[in-house]
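Below is a short briefing for a reader who is new to this structure. Please look at the sequence and the model first, then read the points by topic.

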Amino acid sequence: MKNRRNKTYRLTIRAILTALIFIQGMVPFLGFIPLGMISLTIVHITVIVAAVTLGTKDGMFIGFVWGLTTFIRAWTMPSSAIDPIVFINPIVSILPRILVGLVAGLLFTALYKKMKSLYLPTIIAAVGGTLTNTILVLSLMGFLYTGPVAEHFSTTPSQLMSVLGLAVLTNGIPEIIAAVIITPLIVKALFQATSLSPENRNK
């Protein structure tokens, strides 16, 4: 009976997070906040929550859904001039999003086994997942599309990595702060509202 209830909770949470990530990925200001030449991402929090509460595989699945919406949006309703150039490539739009779920899930699992505490492993998973997205997306943009990205940022190809490094800081720090504050609150609420626990989240 308990296993059946756990499966029901997992299916319900997975469905809710999948729908939420799709909405966040497609509707401006719900998952991406445009800030001139860049966008501040908050949708990654949903992926991290999935990885922590449901496990690494579900985190990767929710990350894939996020990447897919990024890919679709780049073709149909880009939020910036650079989107139709770089995010139509699944290596840039989808792969880093999947790895957010992988990194966050693995970090939480490893740390929870050692600490048996929910709060700190969740925070570290949030930081790791956020940095994975920010660093990978910007690095891939710079390496694969040096010319167009340099032009977009009004710099030269030789100076592009320095500019992108600054973007990692200006984007990454607010995104980390948001993830560190919001993720533990949602994770704790989900664990309290269901029969799921860190011990049975991968079952």
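At 1.5 Å a residue, the 21 residues of H3 should span 30 Å, and the end C-alpha atoms are 30 Å apart, which agrees. The expected span of a helix is 1.5 Å times one less than its number of residues. Helices (H or I, at least four residues) and strands (E, at least two) are DSSP runs, numbered from the N terminus.

This is a predicted model, in which local features need pLDDT of at least 70 and side-chain atom pairs count only at pLDDT 80 or more, while totals for chains, interfaces and linings use all residues. Residues are numbered from 1 along each chain as its sequence is written, and side-chain values use heavy atoms, with hydrogens and water left out.

- Helix H3 covers residues 56–76, and Thr56 lies in it.
- Thr56 is buried, because its relative accessible area is 13%; buried means under 20% relative accessible area, exposed over 50%, and partly exposed in between (1.4 Å probe, protein chains only).
- The buried residues of H3 include Asp58, Gly59, Ile62, Gly63, Val65, Trp66 and Arg73.
- Thr56 and Gly105 are 49 residues apart in sequence, yet their C-alpha atoms are 4.2 Å apart in space.

**Nonpolar cores**

- A nonpolar core is a set of buried Ala, Val, Leu, Ile, Met, Phe, Trp, Tyr and Cys residues joined through side-chain atoms within 4.5 Å.
- The largest nonpolar core has 26 residues, and those with the most contacts inside it are Leu17, Ile21, Val47, Ile48, Val52, Ile62 and Trp66.
- Two or more residues of this core come from each of helix H1 (2–26), helix H2 (44–54), H3, helix H6 (95–115), helix H7 (119–144) and helix H9 (160–193).
- With eight residues, H2 gives the most to this core.
- A second, separate core has 17 residues, among them Phe87, Leu138, Met141 and Leu160.

**Salt bridges**

- A salt bridge is a side-chain nitrogen of Lys or Arg within 4 Å of a carboxyl oxygen of Asp or Glu.
- By this rule there are three salt bridges.
- Side chains of opposite charge can pair when their charged atoms come close.
- Asp58 forms a salt bridge with Arg10, with the closest N and O atoms 2.7 Å apart.
- Asp58 is in helix H3 and Arg10 is in helix H1, so this pair ties together parts that are 48 residues apart in sequence.
- Asp58 and Arg10 are both buried; for Asp58 the relative accessible area is 9%.
- Asp58 also meets Arg14 in a salt bridge, at 2.5 Å from N to O.
- This second pair links distant parts of the chain, with Arg14 in helix H1 and Asp58 in helix H3, 44 residues apart.
- Arg73 forms a salt bridge with Asp83, with the closest N and O atoms 3.9 Å apart.
- Arg73 lies in helix H3 and Asp83 in helix H4 (residues 83–86), so the pair ties together parts that are ten residues apart in sequence.
- Arg73 and Asp83 are buried.

**Aromatic rings**

- Rings of Phe, Tyr and Trp (its six-membered ring) pair if their centres lie within 6.5 Å; planes under 30 degrees apart count as stacked, over 60 as edge-to-face and the rest as tilted.
- The whole structure holds two aromatic pairs.
- The rings of Phe71 and Trp75 have centres 6.3 Å apart and planes at 70°, so the pair is edge-to-face.
- Both Phe71 and Trp75 lie in helix H3, four residues apart, which is about one turn of the helix.
- Phe71 is partly exposed at 22% relative accessible area, whereas Trp75 counts as exposed at 56%.
- The rings of Phe108 and Tyr112 have centres 5.7 Å apart and planes at 20°, so the pair is stacked.
- Phe108 and Tyr112 are four residues apart in helix H6, so about one helical turn separates them.
- Phe108 is buried at 1% relative accessible area, and Tyr112 is buried at 11%.
- The charged end of Arg97 sits over the ring of Trp66, 4.2 Å from its centre; the rule asks for NZ of Lys or CZ of Arg within 6 Å of the ring centre and within 35 degrees of the ring normal.
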